[in-house]
Amino acid sequence: MKRFINIIILGVVANGIFAQSSMDAGFELLEKGDFSKAENYFGDFLKDNPNNKTAQICYGRAVGLNGNPNKANTLFNGMMMKNPDDYEVRINYYESFLWEKRYKEAEKLYAGLVIDHPNTFGAILGYANTLSNLQKYKEALVWIEKALAIQPENPSALISKKYMNLGLANTLVQAQNYDGAKMKLKSIFKDFPNDREALLNLANVYLITKEVDSAKTSYRELAINAKDSIVALNGIALAEHIGENDKQALKVSVSAKSKVSAFDDDELKERTYGRYAQALIWNRKFVTAKKYIDSLSNQYGDSDWILALRATLGMYTGNIKKSLQQYGVILESDSTSFDGNLGRANALFALGRIEEAYKATYKTLEIFTNQKDAQGLIEKINGQYSPFLQERASYSFDNGNNVAYATTTTIHLPLSTKFQSTFNYQYRFTENMVTLAKANTQTATTGLTYAMLPKLKLMGMVGLNNAQFEGNGYTQPILNTKLITEPYRLQNLELGYQREVQNFNTDLIEREIVMQHYGLNYNLGSNFGLGWYTQLIHTQQSDDNQRDLLFTSLYYTALRKPNLKLGLNYQYLAFTEQVPTIYFSPEQYQAGEFFTELGGRFAKDSSYRIHVATGLQQVEEDDMTSIFRVEMNLKHQFSRRLSGGFYGKYSNIASATATGFQFTEMGIQLKWSLKKQPFFYEKVASR
């Protein structure tokens, strides 16, 4: 926010001016702000009275305030040469520098003037306004208080003080000193109760800090007339969205939309219609939103605000490339557009064009200093590519009397936006509490992910698995490779191969069963909450057995915040050879289940996820039995770089015995970011 204030200080020309009744008409023109007529009036007056100082000053003021400050400055400069010590000439000459926005020069001149006239209201007010125009708001406020000490309640000084506080509050917002900004804005109400600009700025700070109720209170205080009531409703709708109450946001927007048609105010209509379209998008009413935006386009053409709405719709519906094009068109017409710049940065990030996203975000920050959303995007990208260390410890047991303890250490080191490396070490100890058989395995792997294209990644991992049991042991190589792509928007496809060693319990470890998996994972999303996930895996084992697995899930996202997902799962499993005394290997196994998953936040830095499933399963021709699975995860963000949590899960799955199988696991996990920023951050930022 930049407000440059030029106060017309007619009083400084001297009280004697107004005593000259022959120029009363000219004075009235100046006082009303009719500078063009005032220029003509005093120009004509000077033809007959060329040496009248008062007329010369008034003519200079009229010329300068009528859009020709350079000419006014020249006129006053000529008067200064003839009257170098005349206060009236000096202060008008100095003010002409403000009209030309030559604030640095004016600052030096006013600094000398207040030394020569330390108790003169006009000089002090002019100096305060000069400092304000230079955005030296703290100094300006000191001087405006001196002016008010001379003339308490002076309207010009009070207005200047208001804008100085607005300017200082904006500076504090940019420095993310939100409490200080709120204090400055509230101080304006002492002189101007419920001031419109102060209320709007205060509501904006509350929105930034997500103090939704306070923001809504400020907007309600703003609603003192019909037009401002609509402005308030638009603001309240945004506050409801930030407060994750999108249904209420839509209700409020509908109310504003129904009222705005009564006013002949294009800007207010655009803001109101735009907010309503956004509310439709927030509520995922994408078909309705598209039709409404099309109707707006027919009425208003493809202006920037219409393009921004189309781009927002594209971002929500996964049509990111189309959104990027829309943001590009906006920037062609207005390179400083906030929606265009930050929208383009978000679109590039969503498309996986990370270096370009960094560049676009920094361009946004060049235009909008310390803008919180842009800074948030930088932090989001940094978080995705910053190196981290993750530690996980678990304890598990089953109804086969097996217990296991495991620790897993993972180090993730992104080397660039294209290359990411991962190192993993796991130690697992397992024991049967009846037979007392013990075994342990150690697995060490290193992996690399290469983004060949923004939406096409190749992941490879190699390592060794070492097993030790009753004085014996072996070492086997392990391998995992995947091709990860998005063939079309809202779709994900993975093709993979994995070589691993069975290590669930002591008996299986001793048998050194190597498994080679050939798999496909496919997920199809939609814009109306329905999704379909399918997994196909063919496994070849070193004991000459083979397994085929089909898992498919149809799910529906019923709520977004908190996230509530419901669905149906179906699983089919078949082994070519049945060895039930060694491991579960039916000729045919089928299971169907209903699941629900709920996730969200229960505190500012704490989140949860609960997954519950129940259904029926059948092993070959046996009777159907019930399934029950539950998984819970609690996570807390201790600091920006450290997070941790607890998890637990329970499952009963089919086995060759009628009693079934039960498995329970619980553990803790910690994640620590090794750096605030990626290794390559300085290189990317310097571009």
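Modeller: A term to start: a salt bridge is a side-chain nitrogen of Lys or Arg within 4 Å of a carboxyl oxygen of Asp or Glu. This is a predicted model, where local features need pLDDT of at least 70, side-chain atom pairs count only at pLDDT 80 or more, and totals for chains, interfaces and linings use all residues. Residues are numbered from 1 along each chain as its sequence is written, and side-chain values use heavy atoms, with hydrogens and water left out.

Biologist: How many salt bridges does the structure hold?
Modeller: The count is 32.

Biologist: Which residue does K216 bridge to?
Modeller: D213, with the closest N and O atoms 3.9 Å apart. Both residues sit in helix α13 (residues 212-222), three residues apart, or about one turn of the helix. Helices (H or I, at least four residues) and strands (E, at least two) are DSSP runs, numbered from the N terminus.

Biologist: Is K216 buried or exposed?
Modeller: Buried, at 11% relative accessible area. D213 is exposed, at 56%. The cut-offs: buried is under 20% relative accessible area, exposed is over 50%, partly exposed is in between (1.4 Å probe, protein chains only).

Biologist: What about E379 and R640?
Modeller: Their side chains form a salt bridge, 3.5 Å from N to O. E379 lies in helix α22 (residues 372-385) and R640 in the loop between β14 (625-637) and β15 (642-653), so the pair ties together parts 261 residues apart in sequence. E379 is partly exposed at 43%, while R640 is exposed at 68%.

Biologist: And which residue does R609 meet?
Modeller: E631, at 3.2 Å, N to O. R609 is in strand β13 (residues 606-619) and E631 in strand β14, so this bridge links parts 22 residues apart in sequence. Salt bridges with shared partners also join K290, D294, D302 and R310 into one network.

Biologist: Switching to strands. How do β13 and β14 pair?
Modeller: Antiparallel, over twelve bridges. Two strands pair if DSSP finds at least two bridges between them. V612 stands opposite V630 in β14. The two strands form a hairpin with five residues between them, and E620 in the turn has a positive phi of about 50°.

Biologist: What does β12 pair with?
Modeller: Strand β12 (residues 589-603) pairs with β13, again antiparallel, over 14 bridges. A591 stands opposite Q617 in β13. β12 and β13 form a hairpin too, with two residues between them.
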